[in-house]
Amino acid sequence: MATVAQTQAPVSPLPAPRPPAVAQPPLISGGATIDLAVPLYQSRVVSVVTAANRVSVANPDVADIVVISPTELYVLGKDLGTTNVLLWDRDNHLIGAIDVEVQHDLNSLKRKYAELLPGQAIEVRASQRSIVLSGRVTDAESLNAAQRIAETYLAQVQTAKQTATFQQSSSSRREDKTVGEVINLLQVGGTQQVMIEIKVAEIARTEVKRLDAQFNSIAQGLGHWTAGGVNGGATFPNAIFLPQNANMPIFTNPAQYGPAIDEFQPTTMAIQNQGLFASFLDKNFLFNLALDAATQQGLARILAEPTLTTLSGQEANLLEGGSFPIPVPQNNNTVTIAFKDFGIAVKFLPVVLNSGHINLKLNISVSELASTNTVTLGVAGSSSVFVIPSLSERSASGVVELSDGQTIGLAGLLDETTTTLVNKFPGLGEIPVLGALFRSQNYQKGETELVILVTPRLAQALPVGKTRLPTDSYTEPSNWDYFGRGRLEGTGPKTPDTGAPEGTTK
């Protein structure tokens, strides 16, 4: 049986990769003008066909020219900007001109973008001392990253200027030494809308217990003595003595020449709201008693649910409340009016990340006018006064990261305060049971519970015809409803087409 020998052809080795082509230096001849871009603090070589005999640089602070040979020039970028170079031959004929633009190292910046932000269509250009970014990125996170990377090149230039003068002449004619800025013209593709739902819930409870005992008593008929007691304060008239009768007191108020009981002036007792009072009077003894007793309880409830929608990367704010004027004195003896906002204020900046999470920068404030701690300002030369109210404010700010539809408690507060004050008559206030008549007690307790919940959602447009407004349930009252029943709204449902109650026409 014959066998067939199979031979295997030798495998030729793969060709070695070619080295990257080296760009040839630009060539200038025949009086032509060429454009040359030189990165800052780097150099380029320019070839000349005809040997150059004389070289002139318009602004040596921007670029420095070194003649390597009669046919080669070395151009060094010293500062951001533009200048031009002229060359002449031995016969003083113009060989050509070079328009030099010293710019940021854009090729290095492009490589950084390709390495750190792959797949992003980012274009980089130079505009005098600034860097211009254009193109389209997929999300706001890449947009911010591209901005920060470009800013590092500006910071590199600023650091170089501060640490070295790069052999700048002390007689430099260049006055503009600004670094420039990053001009961001990038567009975000597939921008999403973010809707944020905020719930602010607060319960405030107050409790006040007050027992204020005030009394005054006076007794006479004790020989030359008149005695008494007081809880709540009293005043006594001044007395002078005449030289002709030093034993006879004469009071400054002529109406007080009467009995000693008229010389005693206790502070007027008062009861704010609830209380008891009693008075006893006989020939030589007077006793007055007032008990101001009260128990007060208060409850305040605040519930706010604002909802805002904005594009990813764009700030949105909402104010539901108002503003009140505040007079502001000026140096020229005039008064201007500034306005202070109060109410429910919400500011948030959402950024949708590649992972689908939503980064939120939030600032929430809930404030209301308070009657305590007000400021009253008078106007010179006038009886007018300005009453500036105070504000009771609860605010929270922070940065959170959530998925679509997740809820997080941005802030929470549980505050409890207790205040007790006791004023008592020395000695008598320590007597059991009856001692309550000789002391005043004030007890205050306050509790506040506050929570702020935040829920971000990726918003979508509502279907046509599915919107519902708060005014949809309002119907105009008929004559019978308005005049006969005194109602401000009608009782019949709206018709789908006209929005009027059924059985009526518009």
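1. Gly 321 counts as exposed, because its relative accessibility is 59% (exposed is over 50% relative accessible area, buried under 20%, partly exposed in between, with a 1.4 Å probe and protein chains only). The residue sits in strand 22, residues 316-329 (strands are DSSP E runs of at least two residues, helices H or I runs of at least four, both numbered from the N terminus). Setting aside neighbours within four places in sequence, Gly 321 is in contact with Phe 342 and Gly 343 (contact means heavy atoms within 4.5 Å).

2. A word on what we're looking at. This is a predicted model, in which local features need pLDDT of at least 70 and side-chain atom pairs count only at pLDDT 80 or more, while totals for chains, interfaces and linings use all residues. Numbering starts from 1 along each chain as its sequence is written, and side-chain values use heavy atoms, leaving out hydrogens and water.

3. Now the overall picture. The secondary structure comes to four helices and 27 strands. Of the 506 residues, 29% count as buried. Among contacts with a separation of 6 or more, 62% are accounted for by residues 24 or more positions apart.

4. Four strands are arranged in the order 2-8-7-4, with mixed pairing (two strands pair if DSSP finds at least two bridges between them). Strand 2 (32-39) and strand 4 (54-57) stand at the edges with a single partner strand each, so one side of each has no neighbour in the sheet. From one strand to the next the twist averages 20° (axes are lines fitted to C-alpha atoms, for helices over the stretch in contact, and angles run from 0 to 180 degrees between N-to-C directions).

5. Within that sheet, have a look at strand 7 (residues 81-88) and strand 8 (residues 94-103), which run antiparallel and are joined by eight bridges. Thr 83 has Val 100 in strand 8 as its bridge partner. The loop between strand 7 and strand 8 holds Asn 92, which has a positive phi of about 60° although it is not a glycine.

6. Tyr 41 also has a positive phi, near 65°, in a residue other than glycine. Its place is the loop between strand 2 and strand 3 (43-48). With a relative accessible area of 30%, Tyr 41 is partly exposed.

7. Strand 19 is worth a glance. None of the seven residues of strand 19 (residues 275-281) is buried, so the strand lies largely in the open. Seven bridges join strand 19 to strand 20 (residues 285-304), and the two run antiparallel. The link between strand 19 and strand 20 is a hairpin through three residues. Leu 281 stands opposite Leu 286 in strand 20.

8. On to the packing. The largest nonpolar core has 22 residues, and those with the most contacts inside it are Ile 196, Val 200, Leu 360, Leu 362, Ile 364 and Leu 410 (such a core is a set of buried Ala, Val, Leu, Ile, Met, Phe, Trp, Tyr and Cys residues joined through side-chain atoms within 4.5 Å). Two or more residues each come from strand 13 (193-222), strand 23 (335-352), strand 24 (358-378), strand 25 (385-402) and strand 27. Strand 24 gives the largest share, five residues. A second, separate core of 20 residues includes Val 48, Ile 65, Val 75 and Val 85.

9. Leaving aside neighbours within four places in sequence, Val 200 is in contact with residues including Ile 302, Leu 303, Ala 304, Ile 364 and Leu 450.

10. Glu 449 belongs to strand 27 (residues 439-459) and, at 36% relative accessibility, counts as partly exposed. Beyond its neighbours within four places in sequence, its contacts include Ala 201, Arg 205 and Leu 413. A polar contact of 3.4 Å joins the side chains of Glu 449 and Arg 205 (a pair of N or O atoms within 3.5 Å; within protein, one must be able to donate a hydrogen and the other to accept it, and residues adjacent in sequence count only if both atoms are side-chain atoms).
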